[in-house]
Amino acid sequence: MAKQKLVVIGNGMAGARAVEEVLARGGAEMFDIVMFGDEPHGNYNRIMLSNILSGQQTYDEIFLNPLPWYAENGITLHAGERVTEIDRFAKVVTSAGGVKEHYDVLLISTGSRAFMPPIPGLHTAGGTLKPGVFGFRTIEDTNGMVAAAAPGVKAVVIGGGLLGLEAARGLLNHGCDSTVVHLGGHLMDAQLDATGGAMLRTAMERMGVRVLLSKSTTEVLGEDKVTGLTFKDGETIDCDLLVVAAGIRPNAEIGTRAGLTVERAIVVDNHMRSVDDPSVYVVGECAQHRGMVYGLVAPLWDQAKVFADHVTGRNRDAAYHGSKLATKLKVMGVELASMGITMPKEERDEVIQFMEPKKGTYKKLIVREGRLVGGILMGDISKAAFLMQAFDRDSPLPDERLSLLFDLGAPPQKVTLDEMPAEAQVCNCNGVSKAAIGTAVAGGCKTVTAVMNATRAGKGCGSCKGLVGDVVAWFLGGAVEEDPSVHWYVPCIPMKKQELVAAIREQELKSVSAVFRALAGGVEDPASKIPLASLLNTIWPGEYVDERDARFINDRVHGNIQKDGTFSVVPEMAGGLCTPEELVRIANAAVKYKVPLVKLTGGQRIDLVGVKKEDLPGIWRDIGMPAGHAWGKSYRTCKSCIGIDYCRFGLGDSMGLATRIEKTFRALSDSPGKMKLGTTGCPRNCSEALIKDVGMVAVGDGKWEIYIGGAGGAHVRKGDLLCTVEGEDEVMKVIGRFMQFYREDAKYKERTYTWVPRIGLERIRAVVVDDSEGWCERFDREIEAAIAAYRDPWLDRDAPKTANQFASLIPAEG
Amino acid sequence: MPGDTLTREHVLGNVDEIPVGEGRNFEVAGRTVAVFRNHAGEVFASQADCPHLGGPLADGMLGGSTIMCPLHDRMFDLRTGSVLVGECGITVYPIRKAEDGTLLLSLDG
Ligand SMILES: Cc1cc2nc3c(=O)[nH]c(=O)nc-3n(C[C@H](O)[C@H](O)[C@H](O)COP(=O)(O)OP(=O)(O)OC[C@H]3O[C@@H](n4cnc5c(N)ncnc54)[C@H](O)[C@@H]3O)c2cc1C
Ligand code: FES
């Protein structure tokens, strides 16, 4: 039989999922598939835009179907082509760009858009949204918000529902002053009762989000951009960034124009087929089924399955019966799940609740005839997975009602997994059941990552990742293999660091391009260049063939790139010391080169921020001090307190030691991660040596304690005491060995605070203090070689290493 | 010259203005264009600013025909301008290297 043509309008979560379901049923044999999407990219996980806004995830993590996926599956994708017309008689769709496609079967999955209430001033005279006003629906909306958000920006979100709260929380992370304006009497009124709403308000306010309730916005102020809002009660509020999250509107106009029945959305039967035309199906937020239009992803997974069963003929009786609604709020710092009704509706409804307002815990269940019909869980949502399942499946609840709210003598996990029914959902975001995970495991997936890639379990909001891991382990009877590629040093060469080092040594590969040629089949992966360069420099000190293009820009021009493409200049100030003459030179240079920002760094140095690339050589020359190495994965700095000369508590010369450390180890220009050091003259620890990668604490009598693996940044960890040694020479020897061991062993980008606990303090002590492996002599040699090879990188100012090394712009000849 | 009216080629300079494996920005006809030279000797030209948040692509990491932005690691294929990691693609311009190493770029090709 000749293939039929399936055309899909809308390349979003429902459309792409529906196509995947069709492919899973052998649909590639039956259909030529053509998709239209209004965006230039592939399908992404829209619900994760909240995490993008809050900075918890990056774009590459949320793509579900990147562009190559379509080609690989033989699908023609018209990306960026908006369909404007469906001719149902000729069976042809036409896009705004003039692309025409004939169909045998049509699927409409155009989703919805942000609803813009008719508030005067929301739009410009030209009809576009006023600058500063955003919906929250697409990557482009999110990008716009991120670009407009900055510390001090006054952000207002209209709408205190799920989306509005996630937006407000995300904007807070950008330092915005964030306010939610809600028309209703309490937050999330669709999912919470008044008590829950009030507790949520407290939680949001505690985080720093201002909440205004029962507020009706009457006007958006501002001439050419938004500047404020006026409310019905006469009050006004300043606003630089306005997010409108006041609900969604189905993109159903296309159905209306094609003569299909449209009420709130395009009306479908139980097969997800238009009631007017047997060759047109509709799934997702643009579909109306039995009077319901959904705004969550779980229903559309079911719809996609029914559609696929029906259209491929796998099951012509497949029918959709509607979905029950359950949600979790994705606001960092608030745990909230809600399902079904929020208040008892009938006489026979039984309400079970528990409240501990001080802790922000609230649990309320509504039970009808022994079955769950509604629930709110706040603060502690440990029972959410169980309850959501009971709610969704309408299963009978245990008589012991208390156990619905709390784990009483928590049953061991094993028992629960054994008992868990096969069709129970493990991942709600992507609709993956326990059985589906079992199928993936049976199909050969032996690692959690492989199962996640095959089923998408855990790739939605991520809150079920732990459970996915447990279920995979359960199916494998504990024999989970780790994903081998997580151990590879770079993604393009299937070798662990030690294997790679061995291959490089054996084949004497001394440049990054040589490694690509010998080990990666000649394919140059840009993301692998830097880690390879770092490794080669450690393996071949002095012999490494330094191809400049394998360095990150920071290491090509010896400064830290800023978000506007300028660089920062940090001269060396060993131990935080400098002379008045040096200060004068720095000040003069800052004036001469119009440096926009002069800042003291956390590492006790002066940072000149915002220097143009072409000014770098000049400014270095004027300052006349060596580079402070403040840009790379390398030895960075050694912070110190004032030590013994002046301090009345001082027990050791912390400044002297810091200076010696800096002048020696600044030569370690490559390492897996940056190394920040500190010395402190007494256990009062003024220079925070306990939270440094390597920290030295004077304890008197010329003795120093050496701490390793500390951190005081995004991650906070107190360093582990490696050993106590006598005299500065010993300190220099032990920390040199420690840093070299770390340079040779750690994974790229692995900081000491992860590496130390991973390898174990005992092991590190054995290697670097007791020389259990006999490696110390080599460590000492390699450190000495690095020191001998050291040259101040800022000397490039007089002898550039490459053509146009510091040029921002080269004029064309003609 | 025949063909001159169709696409005018701009002379950028010699390929040696760009170190192997790197990129540089050129100012041509009032525009800034990023030009790259890879280890295989191929040259590419594209818009200078990353479509994400304006990062300088010429300062990125080049491997084959892939460029990775230095600010947040978006990746693009310089042959086609298509996006490999990120949200949208970039504009690329036809460029060729003459026998003597002169780089010729057409902006409106
Ligand atoms: C920030 C955010 C957070 C969310 N969080 C959650 C959550 O935690 N849980 C949950 O269950 N749901 C959540 N949702 C809702 C969820 O994302 C939607 O329910 C889901 O995306 C709906 O899928 P859809 O395919 O119907 O619509 P969409 O994903 O919007 O896809 C519609 C597609 O159609 C395309 N299109 C539209 N018109 C045309 C046309 N004329 N021609 C061609 N293409 C067209 C669009 O470009 C788009 O690709 C969230 C939504 C947002 C925005
Ligand atoms: S600016 Fe290029 S990736 Fe962000």
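A cavity is here a set of points, on a 1 Å grid over the protein atoms alone, where a 1.4 Å probe fits but cannot get out; grid points are joined across faces, edges and corners, and a volume is the space filled by probe spheres set on the points. The model is predicted, with local features requiring pLDDT of at least 70 and side-chain atom pairs pLDDT 80 or more, while totals for chains, interfaces and linings use all residues. Residues are numbered from 1 along each chain as its sequence is written, and chains are lettered from A in the order in which they are written.

A search of the whole structure gave two cavities of 30 Å³ or more. Helices (H or I, at least four residues) and strands (E, at least two) are DSSP runs, numbered from the N terminus.

Helix α1(A) contributes four residues, the most of any element, and β4 (63–65) of chain A supplies at least two. This lining comprises four nonpolar, two polar and three charged residues.

In chain A, five strands form an open antiparallel sheet in the order β23-β24-β27-β26-β25, strands being paired if DSSP finds at least two bridges between them. Its edge strands are β23 (326–328) and β25 (350–356). β23(A) and β24(A) pair over three bridges, with A:Ala326 opposite A:Met339. Helix α8 (194–207) of chain A lies across β24, β25, β26 and β27, at about 160° to β26(A); helix α11 (384–393) of chain A lies across β23, β24, β26 and β27, at about 10° to β24(A). Angles run from 0 to 180 degrees between N-to-C directions of lines fitted to C-alpha atoms, for helices over the stretch in contact (heavy atoms within 4.5 Å).

Helix α18 (512–519) of chain A is largely enclosed by the rest of the structure, because six of its eight residues are buried (under 20% relative accessible area, 1.4 Å probe, protein chains only). These buried residues, including A:Val512, A:Phe516 and A:Leu519, pack against β31, α17 and α19 of chain A. Just after α18(A), A:Gly521 adopts a positive phi of about 65°.

How values were computed
Side-chain values use heavy atoms; hydrogens and water are left out. Buried means under 20% relative accessible area, exposed over 50%, partly exposed in between (1.4 Å probe, protein chains only). On a 1 Å grid over the protein atoms alone, a cavity is a set of points where a 1.4 Å probe fits but cannot get out, and a pocket is an open set with protein on both sides within 12 Å along at least five of seven lines; lining residues have an atom within 4 Å of a point. Ala, Val, Leu, Ile, Met, Phe, Trp, Tyr, Cys and Pro count as nonpolar, Asp, Glu, Lys and Arg as charged, and the others, Gly among them, as polar.
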